[in-house]
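These notebook entries record what I looked up in a structure, part by part.

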Amino acid sequence: MLNPTDWRITMAGDAAVAIEYPPRIDPLISQRVVALAARIRAARHVGVRDVVPSYHAVTVYFEPTHTDLASLWTALEEEAELPGAMETPSREVIVPVVYGGVDGPDLGEVASFSGCTTEEVVRLHTSVLYRVYMVGFLAGFPYMGTIDSRIAMPRREVPRLSVPAGSVGIAGIQTGIYPMTAPGGWRLIGRTAVGRFDPELDSPSFYQPGDRVRFRAVEKVGAP
Amino acid sequence: MTTVQDRGRWGHQNLGVPVAGAMDECSHRLANRLVGNSSELATLEVTLVGPSLEFLAETTCAVAGAGFELWLDGVQVQTGRAFCVPPGGGLRFGRRRAGARAYLAVSGGIDVPPVLGSRSTDLASQLGGLGGRSLRAGDRLVVGRPTGRPAISGAVELPFRLPVGGAHVRVMNGPDRERMTPEALASFTQGRFTIDPDSNRMGYRLRGELLALADSSPLLSGPTPVGTVQVPPSGTPIVLMADRQTTGGYVRIATVISADLPVAGQLGPGDWLGFELCEHREAVAALIGLEQRLMHVS
């Protein structure tokens with residue numbers, strides 16, 4: 001097993017480099033990725049346009065003709081070498097969810113897949129304090145993990161053309177929340193009023209990489 | 001289709017916000033230069049079929065990129081040079097001869113409210129531009145206060161060759177190329193692909209030889225720079241373009257170099273596309289060359 005502190009820098013085309021850790025969903029790797037991304041962002045290197053944390057990599061986008069790649073590369077190596085690269089304390093969010101029915105049309109399928117009752121699926125889904133590993137796919141969409149392996153149903157073969165905003169879904173060992181109405185293939189088990197993407201806000205994405213999220217079953221969307 | 005575009009919504013991909021922006025940033029910048037705008041101001045990106053526009057006030061305009069016939073009150077005007085539209089003037093895009101996307105710059109820029117620092121229309125997220133959508137008949141657009149005088153009085157050439165029917169673009173190796181079979185890697189650079197009709201600003205779906213994966217075990221989702229060529233398990237590659245999602249989980253076989261993105265942006269459905277491998281050094285040299293030609297057009 002690769003050590004979570006192992007990393008390497010690779011080119012991703014001529015306008016991005018990635019600092020990559022071993023490719024797995026691992027809270028220790030994610031902590032390093034989130035902390036490193038924050039430090040690189042704060043350093044405001046000349047030419048850098050975007051710093052994007054994902055499960056096991058920090059990708060740094062830059063303007064190729066306005067960037068001294070050799071010195072950026074060295075600076076990134078130095079950042080990655082820094083010891084004790086731990087993230088700042090993260091938020092903990094409780095997300096109220098209405099499970100099943102029209103709000104979670106795939107809850108029955110997930111129950112059949114896992115061989116347990118829908119109540120058991122809800123209990124398993126609400127029993128974990130999840131980590132937001134990354135925000136991607138859609139503006140403000142949190143990739144969270146990891147869910148109980150018994151309910152880890154793969155994505156639908158054919159994605160839905162329209163998934164309502166607030167839908168809570170499962171894709172393998174990940175769970176996520178649609179921040180806007182959009183096409184998508186995750187198995188929908190419930191819906192929440194929390195966490196819409198709003199570009200007018202100072203912090204347009206409700207979820208940030210590193211957040212901790214716990215789901216709570218409620219009777220009505222929007223109920224506290 | 002016509003949308004408002006600038007150089008893209010950078011700095012928010014960590015929150016999943018796509019970059020969007022002009023598909024051919026080079027022509028967008030050239031059109032802005034022709035009317036004396038900074039390259040940051042928004043233009044109209046005209047795709048395949050152009051609009052008819054009525055100007056309510058005197059406006060300096062220029063069109064760069066795809067070779068459209070342009071008619072100002074029934075008189076033909078050239079692309080690649082600034083011209084003045086009188087109050088009440090009508091500008092109509094006619095037949096398209098080459099390329100897929102033209103950029104109409106107006107002195108002062110198209111002034112829609114910036115969203116997260118950009119006026120670009122992101123159709124998938126319905127962000128920016130005019131209500132996050134393409135223009136419809138009857139829409140009204142506001143023009144910003146002109147910031148400069150037209151910098152160039154004559155006609156200029158594009159700093160790259162406008163594709164007719166298809167083009168080769170240069171790519172750098174992608175991070176997952178070892179997941180492809182050797183035969184697939186060979187087909188990728190030796191074959192020609194055709195851009196599928198259901199391609200759009202998010203990506204070009206390519207028809208041609210299927211590219212087989214040697215390793216189809218799941219990949220963790222990771223960032224997807226513009227120009228990334230993805231290969232899903234079906235074997236039909238997709239070139240990610242301006243409105244691409246910020247992350248994806250398909251095999252990344254290659255990345256189109258920045259210098260050839262404008263050419264790629266000038267391709268449309270039915271055009272062919274071929275790929276040539278190149279090294280990083282060549283990619284940077286090509287981009288510097290393109291920038292120099294763009295700066296010295298006159």
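**Entry 1: the kind of model**

I noted at the outset that this is a predicted model.

**Entry 2: the domains of chain B**

I looked up how chain B is divided. The domain assignment gives domain 1, residues 1–158, and domain 2, residues 166–295. I found 29 residues of domain 1 of chain B and 20 residues of domain 2 of chain B in the contact. Taken over C-alpha atoms, the centres of domain 1 of chain B and domain 2 of chain B are 26 Å apart.

I then looked up the buried area. Domain 1 of chain B and domain 2 of chain B bury about 1,800 Å² between them, and 54% of this lies on carbon and sulfur atoms. On the side of domain 1 of chain B, Met23(B), Cys26(B) and Arg29(B) supply 32% of the area buried against domain 2 of chain B, more than any other three residues.

How many salt bridges cross the interface of domain 1 of chain B and domain 2 of chain B? I recorded two salt bridges there. I also looked up Arg201(B) and Glu45(B), whose side chains meet in a salt bridge at 2.8 Å, N to O. Between domain 1 of chain B and domain 2 of chain B, 14 residue pairs are in polar contact.

Which elements give two or more residues to the side of domain 1 of chain B that touches domain 2 of chain B? They are helix 1 (25–34), strand 4 (59–72) and strand 7 (90–106) of chain B. Helix 1 of chain B gives the most to this side, with five residues. By class, this side of domain 1 of chain B has 15 nonpolar, eight polar and six charged residues.

**Entry 3: chain B against chain A**

I turned to the two chains. I found 33 residues of chain B in contact with 40 residues of chain A. The area buried between chain B and chain A is about 3,000 Å², with 62% from carbon and sulfur atoms. Asn14(B), Leu15(B) and Leu220(B) supply 22% of the area that chain B buries against chain A, more than any other three residues.

I counted zero salt bridges between chain B and chain A, whereas ten residue pairs are in polar contact across this interface. Strand 11 (222–223) and helix 4 (280–295) of chain B each supply at least two residues of the side that touches chain A. Helix 4 of chain B gives the most to this side, with five residues. I recorded its classes as 15 nonpolar, 15 polar and three charged residues.

**Entry 4: the domains of chain A**

Chain A is assigned domain 1 (8–81) and domain 2 (92–217). The contact takes nine residues from domain 1 of chain A and ten residues from domain 2 of chain A. These two domains of chain A bury about 830 Å² between them, 65% of it on carbon and sulfur atoms. In domain 1 of chain A, Ile25(A), Val34(A) and Tyr55(A) lose the most area to domain 2 of chain A, together 56% of what that side buries.

**Entry 5: Ser187(B)**

I located Ser187(B) in helix 2 (residues 182–190) of chain B. Is Ser187(B) buried or exposed? Its relative accessible area is 12%, and buried means under 20%, so Ser187(B) is buried. Leaving aside neighbours within four places in sequence, Ser187(B) is in contact with Phe193(B), Glu209(B) and Leu211(B).

Note on methods:
Residues numbered from 1 in each chain as written. Chains lettered and ligands numbered in written order. Predicted model: local features only at pLDDT ≥ 70, side-chain atom pairs only at ≥ 80, totals over all residues. Heavy atoms only, no water. Domains from an automatic or database assignment. Contact = heavy atoms within 4.5 Å. Buried area = accessible area lost by both parts, 1.4 Å probe. Salt bridge = Lys/Arg side-chain N within 4 Å of Asp/Glu carboxyl O. Polar contact = N/O pair within 3.5 Å; in protein donor to acceptor, adjacent residues only side chain to side chain. Helix = DSSP H or I, 4+ residues; strand = E, 2+ residues; numbered from the N terminus. Nonpolar A, V, L, I, M, F, W, Y, C, P; charged D, E, K, R; others polar. Buried < 20%, exposed > 50% of the residue type's maximum accessible area, 1.4 Å probe, protein only.
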